[in-house]
Amino acid sequence: MTAPNYNLEQVLHADGYVRIAGVDEVGRGPLAGPVVAAAVILNPKDIPQGLNDSKKLTAKRRAVLDAALRQSAEFAIAKASVAEIDEINILRASHLAMVRAVAALKPAPDYLLIDGNLIPRGLKIASQAVVKGDARSVSIAAASILAKNWRDQVMVDLAQQHPGYGWDTNAGYPSKQHRDALRNLGVTPHHRRSFKPVHNILYQEQIVSR
């Protein structure tokens with residue numbers, strides 16, 4: 001598998017677009033914590049080397065690239081809360097986080113490369129959905145790195161407030177430690193109640209309390 005490149009962006013530059021933002025989200029799978037999105041406009045003359053899908057990078061490498069991107073690129077990071085995830089579902093919440101990240105970029109981009117196969121509702125900017133975009137576009141890969149690092153730090157902070165769930169290492173994903181802690185310690189305010197493992201525990205608690 002080849003690394004992501006700047007080809008999609010170069011085609012768009014040739015068509016007259018100037019401010020091209022890559023957009024990606026992280027955190028759709030965890031049982032706890034917000035879903036987070038980033039929008040990134042790379043400087044074509046200063047693109048950090050080694051950008052890739054954040055899931056393919058070590059934490060140490062992500063940290064180095066995160067610092068480099070903060071120096072060289074324009075970016076915005078936004079989230080949708082656990083309450084919003086439970087209210088409107090995780091797909092729409094991830095799209096809401098994307099829309100918020102794009103809206104926070106000033107001046108606004110004139111074209112968006114969005115990871116996935118759907119363009120979020122509410123975007124008024126010319127956009128292209130790119131399947132497996134974080135493996136194809138360095139702009140989307142950059143967004144995935146910034147979003148993941150930011151979200152991972154949120155979960156590290158929450159782990160201090162709620163020890164036992166292992167959020168500092170599992171980032172809220174359903175690891176064995178996390179699932180065992182859910183059964184033994186119960187549900188926190190940061191758990192997504194609409195997600196089946198969490199819902200089932202709450203339902204069992206309701207039955208026991210009757």
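Modeller: The backbone oxygen of Gly27 lies 2.7 Å from a polar atom of the Arg192 side chain.

Biologist: What makes that a polar contact?

Modeller: A polar contact is a pair of N or O atoms within 3.5 Å; within protein, one must be able to donate a hydrogen and the other to accept it, and residues adjacent in sequence count only if both atoms are side-chain atoms. At 2.7 Å, the Gly27 pair is in, and Arg192 also reaches the backbone oxygen of Gly33 at 2.9 Å. Mind you, this is a predicted model, where local features need pLDDT of at least 70 and side-chain atom pairs count only at pLDDT 80 or more, while totals for chains, interfaces and linings use all residues. Side-chain values use heavy atoms, with hydrogens and water left out, and residues are numbered from 1 along each chain as its sequence is written.

Biologist: Why is Arg19–Glu74 called a salt bridge, then?

Modeller: Their closest N and O atoms are 2.8 Å apart, and the cut-off is 4 Å, so the pair qualifies. Arg19 sits in the loop between helix 1 and strand 1, and Glu74 in strand 3, 55 residues apart.

Biologist: Why is Arg19 called buried but Glu74 partly exposed?

Modeller: Buried means under 20% relative accessible area, exposed over 50%, partly exposed in between (1.4 Å probe, protein chains only). Arg19 has 18%, so it is buried; Glu74 has 32%, so it is partly exposed.

Biologist: What makes Asp180 a partner for both Lys176 and Arg183?

Modeller: The closest N and O atoms are 2.7 Å apart for Lys176 and 2.5 Å apart for Arg183. Lys176 is four residues from Asp180 in helix 7, about one helical turn; Arg183 is three residues away, again about one turn. Helices are DSSP runs (H or I, at least four residues), strands likewise (E, at least two), numbered from the N terminus.

Biologist: How do you know that the buried residues of helix 7 share a side?

Modeller: His178, Ala181 and Leu182 are buried.

Notes. A salt bridge is a side-chain nitrogen of Lys or Arg within 4 Å of a carboxyl oxygen of Asp or Glu.
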